[in-house]
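Reader: I would like to go through this model step by step, beginning with the chain and ending with the way the copies meet. Could you show it to me before I start asking?

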Protein chains: 2
Amino acid sequence: MLVFKALESLMTVNGRLPVNVKVLIEGEEEAGGESIDHYVRTHPERLQCDAAFICDTGMPSKQIPALINGLRGIVYTEVEVRGAKRDLHSGEFGGVAPNPLHALALIIAKLKDAEGHIQIPGLFDKVRKPTEAEKEFWQNDPLHINESLLEEMGVSQFSGENEYPPIERISARPTLEVHGISGGFTGDGAKTVIPAVGKAKISLRLPPDLKSEEAFALFERRVKELAPPGVQVTVRNIHGGEAVLVPVDTPAIQAAASALKEVYGKEPVYLRGGGSIPIGALFDEILHASVVLMGFGLPDDNLHAPNEKYSLSQFYKGIRTVARFLQKMGE
Amino acid sequence: MLVFKALESLMTVNGRLPVNVKVLIEGEEEAGGESIDHYVRTHPERLQCDAAFICDTGMPSKQIPALINGLRGIVYTEVEVRGAKRDLHSGEFGGVAPNPLHALALIIAKLKDAEGHIQIPGLFDKVRKPTEAEKEFWQNDPLHINESLLEEMGVSQFSGENEYPPIERISARPTLEVHGISGGFTGDGAKTVIPAVGKAKISLRLPPDLKSEEAFALFERRVKELAPPGVQVTVRNIHGGEAVLVPVDTPAIQAAASALKEVYGKEPVYLRGGGSIPIGALFDEILHASVVLMGFGLPDDNLHAPNEKYSLSQFYKGIRTVARFLQKMGE
């Protein structure tokens, strides 16, 4: 939307665009994005370009423009545990029946311990080492990102791996999060059922070099290892996407930086994003284009949560920034 | 229903009942049964009786009539875990946010281990020792109850405390079962939310002498102890009921045994039930009546589960048995 407004403005003012633009719309990213993956892999010649601009990231605050130079990959799974052939009554079968919800708890508790350490053998073997500059940035937190994280969460302390700086944990460490658990009786009051089935949605965020297929295989093996006797466990790979870490000294990224500086009045910071935009890695791998990840979201946008919003001032500044970026690319 | 049919039949045949009958209908047992508890405690004189007959139990099979001489108590709880002030996106906050579902898994995994051992200090201190006859019955399983349990569950092995016979586990050991977990995203596909809240329904079945209030206090303390830092835990006591173990040499129980023998052609067995019928303990404690737990349910009735049924032949035999029981009580 914001990008289209920028293109429209350029057309209105100049009657033409400053560079050739190919628009690729991804309408199913939240559902895994298989179609675009297939399309890009089978049509690299039609999509040939110098730079691939993706406008789907954010900034630490309205005052701090940012370019994202890395994204994590993801593998999103569903773990299904089956016990008895039907729901059972705990007064009759409690103590001898397999309980899929208890089994799920046992599995999840051992996948990641109370201190936030993921316990999946092999998972950390391939993670690329960060640079000294990144380590320093994470440690010193010059942008006070930690403060804003705590405020957004409404908590007084960070959970997770205490021995790593919070910024590293949200952007460059592998993470494992449980997104949902279902099974049994969850209404008001009491029902003493031992459900036949329980399910959990669990994803891993993957730093560069840790491939999603590989991570899934390690995850699946570990989940099955951790399953208590008496239950059947199925692990489904709902979708995956790869991480990316891009060089920032390309003409395209420098043009984006210069546009941000013009509109926001200061140099942008370079940050890794903790989320996953699989087309970032895809454009890097297949099109060998300079991937520009410039976006205008804010930490309090409630991304993917109730009451999601988008700041109007960011929207308008974003349009101007993108228009200037394209003009600079044409120069 | 079955009991009313027996009363109706006796009235039809004899024009009168063989004994004085006071009928007390409990319509909210599954919701905790607070009203009947209050009523019985405040009206013991109106309910004065020699025997309190409760028709809400079962038999091991159509061929094996049974009288229940013990029931477990119950404490049914809801554990609510709260993390951040709102749902969060795992790409932005994964690795630093409290995750209530992960916290629930950690708590549940430590409340009961993979071998079925409940880890709640103090819980086993007050459990009454079984008799030698009971131990022998549990160990030898002359009625092949184990076989029928496995068949009903559709599994090849028992889960839980291997060092105790299955029959003891379902009827005389404390049990802890998770009945439901809810929180986060549980639909089809993927949503990378870290939910702000997760809930679990967990109950304990309590053998005689382990009071439900006491068990709740031990449970609550343990859950709070097990909660990882960064989350707030609330433990609610949804409802409780006490266990009961009745003597079987009373005239009322002997009349019931004799009626069962007449209708089924063999002596009934005496079993403890694993479920909870709080009015059993209530009548024992407040009315000092001989509590007769005679019922006609079968293991494959799918009690409290989808496709619950009641055998018609058991229904008709039950009516005859109850009528004969009342006649014998009058003799």
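Predicted model: local features only at pLDDT ≥ 70, side-chain atom pairs only at ≥ 80, totals over all residues.

Author: Residues are numbered from 1 along each chain as its sequence is written, and chains are lettered from A, with ligands numbered from 1, in the order in which they are written.

Reader: How many helices and strands does the secondary structure of chain A come to?
Author: Helices (H or I, at least four residues) and strands (E, at least two) are taken as DSSP runs and numbered from the N terminus. Counted in this way, chain A has 11 helices and 11 strands.

Reader: What span should helix α1 of chain A have, and how far apart are its end C-alpha atoms?
Author: The expected span of a helix is 1.5 Å times one less than its number of residues. Because helix α1 of chain A (residues 2-14) has 13 residues, it should span 18 Å, and this agrees with the separation of its end C-alpha atoms, which is 18 Å.

Reader: Which domains does the assignment give for chain A, and what distance separates their centres?
Author: The bounds come from an automatic or database domain assignment, which gives domain 1 (2-72 + 246-330) and domain 2 (73-130 + 172-241) in chain A. Contact, meaning C-beta atoms placed from the backbone that lie within 7 Å, joins 8 residues of domain 1 of chain A to 10 residues of domain 2 of chain A. Taken over C-alpha atoms, the centres of domain 1 and domain 2 of chain A are separated by 34 Å.

Reader: Is A:Trp138 buried or exposed?
Author: A residue is buried if 20 or more other C-beta atoms, placed from the backbone, lie within 10 Å of its own, exposed if 12 or fewer, and partly exposed in between. A:Trp138 lies in helix α5 (residues 132-140) of chain A and, leaving aside neighbours within four places in sequence, is in contact with A:Pro165, A:Ile167 and A:Glu168. Because A:Trp138 has 21 other C-beta atoms within 10 Å, A:Trp138 is buried.

Reader: And is A:Pro44 buried or exposed?
Author: A:Pro44 sits in the loop between α2 (34-42) and β1 (51-54) of chain A, and beyond its neighbours within four places in sequence A:Pro44 is in contact with A:Ile286 and A:Leu287. Since there are 11 other C-beta atoms within 10 Å, A:Pro44 is exposed.

Reader: Which strand of chain A gives the most to the side that touches chain B?
Author: In the interface, 73 residues of chain A are in contact with 72 residues of chain B. The strand that gives the most to this side of chain A, with 7 residues, is β5 (residues 175-182).

Notes
Contact = placed C-beta atoms within 7 Å.
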